[in-house]
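Here are my notes on the model, as numbered points. Please read them with the coordinates open.

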Amino acid sequence: EVEREVERERSRERKKNERGSQVYLHSFHTQTLTFATRSLVLCSCTRQPHQGLSEVLAALGPDRLAELMPTFIENTRSKKAAVREGHLMLFMFLPISFGDSFSVHVADVVEPIVRGLSDVEEPVRDAALKTGRNIISHYLGQSITLLLPNLMDSCLNDDWHIRLAALTLCGDLLYQLAGKGRSIALACVCV
């Protein structure tokens, strides 16, 4: 009878631990998303946090992403370089997680990417370049309608840094469109 009582106690402890871990996991995701809406400070030395957050957002659905996108875009203007870098890296993984449903946000993301390419901080510029190239390669088929109008507007900006960044992305876009075999001929035509 003592053994039965010990077994019941162990069973109660296991159930309690299982419930506790489920509550903790739910709490972790809620805290992560709440944290993400305020300021996303993630180190670019590892991609897992950015990719993980993008997967969590994908699990929550496109409607939740649409609610959070203005905050993410606003945080690319943060005074803290790590916050700007973190959000730009998040934009790198959102197209992978959401696929074609992210295409409605591409036009909104181009301006922060171009601004990031002209940032004072090197890690922010690197994150913006990686993100821009990823979006170009991911939405290459739709690039003329999604990317080119925004990039052309940025090419006419008063700030020379932004013009240079936009031209860099236009060059990457043309390189992808032309294919690697024709890139040299295309470069000669553009010059």
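Is α5 mostly covered or mostly exposed? The points below start there; note that the model is predicted.

1. **Burial of α5.** The helix is mostly covered, with 11 of its 15 residues buried. Among them are Ser103, His105, Val106, Val109 and Val110. The buried set also includes Pro112, Ile113, Val114, Arg115, Gly116 and Leu117.

2. **What covers α5.** Its buried residues pack against six listed helices: α3 (62–75), α4 (81–98), α6 (122–138), α7 (143–146), α8 (148–155) and α9 (160–178).

3. **Length and bend of α5.** The helix runs over residues 103–117. From first C-alpha to last it reaches 21 Å, close to the 21 Å expected at 1.5 Å a residue. Even so, α5 bends by about 40 degrees at valine 109. A proline, proline 112, follows within four residues of the bend. Both Val109 and Pro112 are on the buried list.

4. **Arginine 115.** This residue lies in helix α5. Why does arginine 115 count as buried? Its relative accessible area is 17%, and the cut-off is under 20%, so arginine 115 is buried. A polar atom of its side chain lies 3.4 Å from the backbone oxygen of threonine 76. Leaving aside neighbours within four places in sequence, arginine 115 is in contact with Thr76 and Arg77.

5. **Aspartate 159.** Aspartate 159 sits in the loop between α8 and α9. With 30% relative accessibility, aspartate 159 counts as partly exposed. Aspartate 159 and arginine 115 are 44 residues apart in sequence. In space, the two are 10.0 Å apart, C-alpha to C-alpha.

6. **Nonpolar core.** How many residues does the largest nonpolar core have? It has 38. Those with the most contacts inside it are Leu57, Met69, Leu94, Phe102 and Leu147. At least two residues of this core come from each of α2 (48–60), α3, α4, α5, α6, α8 and α9. The largest share, 8 residues, is supplied by α4.

7. **Phenylalanine 102.** This is one of the core residues with the most contacts. Not counting residues up to four places away in sequence, phenylalanine 102 touches Leu65, Met69, Leu94, Pro95, Val109 and Tyr139. Two of these partners, Met69 and Leu94, are named with it among the core residues with the most contacts. Another partner, Val109, is the residue at which α5 bends.

8. **Cysteines.** The structure holds 0 disulfides. Cysteine 155 is in no disulfide, and the nearest cysteine sulfur, that of cysteine 170, is 4.2 Å away. Cysteine 155 is buried, with a relative accessible area of 14%. Cysteine 170 is buried too, at 10% relative accessibility.

9. **Whole chain.** The protein chain has 10 helices and 0 strands. Of its 191 residues, 37% count as buried. Among contacts with a separation of 6 or more, 67% join residues 24 or more positions apart.

Technical notes:
Residues are numbered from 1 along each chain as its sequence is written. This is a predicted model: local features need pLDDT of at least 70, side-chain atom pairs count only at pLDDT 80 or more; totals for chains, interfaces and linings use all residues. Side-chain values use heavy atoms; hydrogens and water are left out. The expected span of a helix is 1.5 Å times one less than its number of residues. The bend at a residue is the angle between axes fitted to the seven residues ending there and the seven starting there. Buried means under 20% relative accessible area, exposed over 50%, partly exposed in between (1.4 Å probe, protein chains only). Contact means heavy atoms within 4.5 Å. A disulfide is a pair of cysteine sulfur atoms within 2.5 Å. A polar contact is a pair of N or O atoms within 3.5 Å; within protein, one must be able to donate a hydrogen and the other to accept it, and residues adjacent in sequence count only if both atoms are side-chain atoms. A nonpolar core is a set of buried Ala, Val, Leu, Ile, Met, Phe, Trp, Tyr and Cys residues joined through side-chain atoms within 4.5 Å.
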